[in-house]
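Trainee: I would like a close look at one part of this model. Please take me through the sheet and what surrounds it.

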Amino acid sequence: EFSRVLFRSHVRRGDILDGDPWSYRAWPSKYLPDEFFRRYVDLRDGPVIAFSDTPAAVHHLRQGDARIMPVDDLLADQDLSLAERDMLELLLMAECEEIAAPASSAFSMAAALIGGAREMPLPISLAPAERIRAYDELLDRAIHRPDSFLAPGDLAQSLVYAAQHAIAQGRAQEMLDGLDLPEDFQTRFPFVRYWLALAALGA
């Protein structure tokens, strides 16, 4: 029985990862690193249905936490058109108690409007201590485990959050010294230059 007992996360990835021209700019209001979703899930007792325009992103997110349920598992073996699937996902979201998503997720806002679910824009909806913990985990991962991100675009978008946190916490030099980005990374994702420049200024 899923009605009104599950929480829901909307994991936006899609064209922001590597689609032209969207991946050439930062989308912090639409793109959320995994750490904030994981913090949200850790603070909930029940299962969480995870919706995404990139199914691989949900499987990447759920590593180590079987309570994260890809919506694909619920819609498996259904012969659905894209429009039918989108509508079913929207209605399923609307039946959840909470919807955790990036602040500007139109899909999530529509579901909340239909079903009256409580919107939980991340990361701001996390308690300050939990939010700082997620930021710390993200910054450490960017510095020490850059290969753990889903794709280069995932790392690029996540660096926006990591740089902001590094500057605020006095860790900008640590971030600059520790990052090991491919030679063409800043050419492929030019917005990263801006955030690294801010980090350098902060350092």
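Mentor: Start with one pair of residues. Arg-8 stands opposite Ile-49 in β2. Keep in mind that the model is predicted.

Now widen the view. The sheet is open and has five strands, in the order β3-β2-β1-β4-β5, with parallel pairing. Its edges are β3 (68-70) and β5, each of which pairs on one side only. On average, neighbouring strands are turned by 25° against each other, direction ignored. In general, strands of a sheet pair through backbone hydrogen bonds, either parallel or antiparallel.

Next comes the helix on the sheet. α5 packs there and touches β1, β2 and β4 (98-102). The direction of α5 makes about 145° with that of β2.

Glu-89 is found in α5. Is Glu-89 buried or exposed? Its relative accessible area is 6%, and under 20% counts as buried, so Glu-89 is buried. Leaving out residues up to four places away in sequence, Glu-89 touches Phe-51, Val-71, Leu-75 and Phe-107.

By the rule used here, the count comes to one cavity of 30 Å³ or more. The largest cavity has a volume of about 50 Å³. Its lining includes Glu-89, together with Ala-50, Phe-51 and Ser-52. Pro-55, Val-58, His-59, Pro-70, Val-71, Asp-72 and Arg-85 are also in that lining. The elements giving two or more residues to it are β2, α3 (55-61), α4 and α5. By class, the lining of the largest cavity divides into six nonpolar, two polar and three charged residues.

Then look at the open space. The largest pocket holds about 290 Å³. It is lined by 15 residues. Which of them lie nearest its centre? They are His-10, Arg-12, Ser-52, Asp-53 and Phe-107. Ser-52 also lines the largest cavity, and Phe-107 is one of the residues that Glu-89 touches. β2 (48-52), α5 and α6 (106-115) each supply at least two lining residues to the largest pocket. The largest share, four residues, comes from α5. By class, the lining of the largest pocket has six charged, five nonpolar and four polar residues.

Finish with the loops. Most peptide bonds are trans, and most residues other than glycine have a negative phi.

Leu-122 and Pro-123 are joined by a cis peptide bond, with omega about 10°. Pro-123 is in the loop between β5 (118-122) and α7 (128-144).

Pro-21 is in the loop between α1 (15-18) and α2 (34-42).

Asp-77 is in the loop between α4 (71-74) and α5 (82-94). Its relative accessible area is 83%, and over 50% counts as exposed, so Asp-77 is exposed. Compare Glu-89 in α5, which is buried at 6%.

Definitions and conventions: Residues are numbered from 1 along each chain as its sequence is written. This is a predicted model: local features need pLDDT of at least 70, side-chain atom pairs count only at pLDDT 80 or more; totals for chains, interfaces and linings use all residues. Side-chain values use heavy atoms; hydrogens and water are left out. Buried means under 20% relative accessible area, exposed over 50%, partly exposed in between (1.4 Å probe, protein chains only). On a 1 Å grid over the protein atoms alone, a cavity is a set of points where a 1.4 Å probe fits but cannot get out, and a pocket is an open set with protein on both sides within 12 Å along at least five of seven lines; lining residues have an atom within 4 Å of a point. Grid points are joined across faces, edges and corners, and a volume is the space filled by probe spheres set on the points. Ala, Val, Leu, Ile, Met, Phe, Trp, Tyr, Cys and Pro count as nonpolar, Asp, Glu, Lys and Arg as charged, and the others, Gly among them, as polar. Contact means heavy atoms within 4.5 Å. Two strands pair if DSSP finds at least two bridges between them. Axes are lines fitted to C-alpha atoms, for helices over the stretch in contact, and angles run from 0 to 180 degrees between N-to-C directions.
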